[in-house]
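Please look through the sequence and the structure shown here before reading on.

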Amino acid sequence: MSLTVLMNAGPWLSVPPPGYGGIENIIATLVPELRRLGVRVVLASVDSSTLPVDEKISVFPDGQFDALQRPYNQVCGIAQAHLGGVVRALHTRDDIDLVHDHVEAVGLATLAAMGPDAPPVLHTLHWDLAKHPALYGNLEGGDRVRVNGVSASQLARAPRALRDHSVGHVHLSTPLAIDADRRPRPDKSDYLIILGRINPGKGQDVGARLAQRVGVPLVLAGPVGPYHRPEDLAAAGDEARQNPDVRFFYDEVAPHVDGDLVRWVGTVAGQERDDLLAGARASLFPLRWEEPGGTAVVESLALGTPVVATARGCLPELIEHGRTGLLTTDEEELADLVLAANALDADECRREAATRFTPAVMARRYVGLYEQVRRGATARRLQPA
Ligand code: UDP
C-alpha cells in the first residue's frame, strides 16, 4: 500500500511515553502495525520520541507535560507552537496523504482551519466529549476533516456538529492482547484492583468503601494528580491540595486506605503492573463518569482478569455480562458482583482480548477509516464549487 500518514502525537510526551500516557501508548501500539501493513508514518511528536517511524518532525526537544501544571496563560502557546510545525510541514510538502491527529482541541481546530488545500484529516477523540462544547458545537471541517471516537457510547453523547463529522469508533487495543489466549494461565490471588488515575470519575472512593464493607483486599494503582508515589504526595505537603484530584484522594479515598486491606501503591508500570493486574480476582471500575475508551478494561481482559463495573460509558461494549465480567447500573450491587466474579473464566477473558483488542485489529480498522476519509475528501474536491 502506498499511503503516507502524518501521525500527530503532540508536544506533551514522547512516544512511547516514559510512564503514564494513554494517547502516546495507543500511538506506540498502532504505528508498528500500520507500518507492517505498508503505511509510511511521519511522526509529529517531540524529538526525544524513540518509536521507530519513517520520519519524525518536532518543535520541542522533549515532552512538555510538566508545563501543564502552570497557569493557562503560561502554557497555552505550547500546543500551538507544535501545531505551527505541523502546519509548516503540510504547507511545504505534498507527500502526506492524510493526517491522523491525536491532539486535544488544538489539533482539530488548527487542521480544520487550514481549509481545502490541506490533506484529509482523521482526528481521534480520546477524551470525554462533554469538554470543549464551543469547539465541538461549531465544528466545520467539511468533508476533509473527520473524527472518530474510541467507543460508540462516547460518540452517542457528542454534540450534533461533531457527530456529523464522525466516521464511527475504533475500540482501543493493547499489545497484551497478542496471543493472550496462549500464555500460561495466571495464578490468582484474592485481591481486587482498581487501575487508573485516582479521581472522582473512576470512583476509587466507592471501591475502597466496598472493600472495607465486604472485607476483600483492594489495591489502588495509579497516580493522584501529578504524584506517582505515596512518598511524593506526602513530601508535597499541603500545597498539593490545590490539585482537585489530591483533594478527592485525601477527603474521600484516604480515610478508607488502611495500608492493609485497602492499599494505594502509586503508579505501577511494566511487568509489575501486568503481574498485579493478572493476579487479581477481578478488576473493579466503580465509575461515576462515562468512561470513553477504557484501556485498563481491555488490558484486564488480556491478562485474564474479569471486570466488575458500573455499566457506564464504553463498559457494556467491551464487557459481556456473565462471560467476561459483571456489570450493574446499581452501585449498591457491586459488592455482590465482586463476590460472584470468582465464577468467571479467565480464559474467556483472554480469548476475548485476543480476538477483539489486538493492535492488528485496531490498525486494520484505522487503515479502513483512512481510506474512507480520503475517498470522501477526494469526491468533494472533484465537485464544482
Ligand atoms: N496505568 C498504568 N499504571 C497505573 C495506572 C494506570 O500503567 O498505575 C495505565 C493503564 O494500564 C492504562 C492507562 O494507564 O493503560 C489508563 O488508561 P484508561 O483508558 O484506562 O484511563 P484514562 O486515564 O485514559 O482515563
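In which loop is Pro 16 found? In this predicted model, Pro 16 belongs to the loop that runs between β1 (3-8) and α1 (22-36). The peptide bond that leads from Val 15 into Pro 16 is cis, with an omega near -5 degrees. As background to both points, most residues other than glycine have a negative phi, and most peptide bonds are trans.

The domain assignment gives domain 1, made of residues 3-172 together with 358-382, and domain 2, made of residues 176-356. The centres of the two domains, taken over C-alpha atoms, are separated by 28 Å, and the contact between them takes 17 residues from domain 1 and 24 residues from domain 2.

The UniProt record supplies a further description of the chain. An unreviewed entry there lists residues 20-133 as "domain: Glycosyltransferase subfamily 4-like N-terminal", and over this range the chain is 39% helix and 17% strand, with the end C-alpha atoms 27 Å apart. For residues 183-339, the unreviewed entry lists "domain: Glycosyl transferase family"; here the chain is 35% helix and 16% strand, and the end C-alpha atoms are 26 Å apart.

How much area is buried between domain 1 and domain 2? The value is about 1,400 Å², and carbon and sulfur atoms give 62% of that area. On the side of domain 1, the residues that lose the most area to domain 2 are Tyr 20, Leu 172 and Thr 358, which together account for 40% of what that side buries.

The interface can also be described by its polar pairs. Between domain 1 and domain 2 the count is one salt bridge, while eight residue pairs are found in polar contact across the interface, with both residues at pLDDT 80 or more. On the side of domain 1 that touches domain 2, α5 (152-156) and α15 (359-382) each supply at least two residues, and the largest share, three residues, comes from α5. Sorted by class, this side of domain 1 has seven nonpolar, eight polar and two charged residues. Elsewhere in the account of side chains, Arg 157 and Glu 290 meet in a salt bridge, at 3.5 Å from N to O.

Key: Residues are numbered from 1 along each chain as its sequence is written. This is a predicted model: local features need pLDDT of at least 70, side-chain atom pairs count only at pLDDT 80 or more; totals for chains, interfaces and linings use all residues. Side-chain values use heavy atoms; hydrogens and water are left out. UniProt positions are given in the numbering used here, feature names are shortened, and annotations may be inferred rather than shown by experiment. Helices (H or I, at least four residues) and strands (E, at least two) are DSSP runs, numbered from the N terminus. Domain bounds come from an automatic or database domain assignment. Contact means heavy atoms within 4.5 Å. Buried area is the accessible area (1.4 Å probe) that two parts lose on being put together, summed over both. A salt bridge is a side-chain nitrogen of Lys or Arg within 4 Å of a carboxyl oxygen of Asp or Glu. A polar contact is a pair of N or O atoms within 3.5 Å; within protein, one must be able to donate a hydrogen and the other to accept it, and residues adjacent in sequence count only if both atoms are side-chain atoms. Ala, Val, Leu, Ile, Met, Phe, Trp, Tyr, Cys and Pro count as nonpolar, Asp, Glu, Lys and Arg as charged, and the others, Gly among them, as polar.
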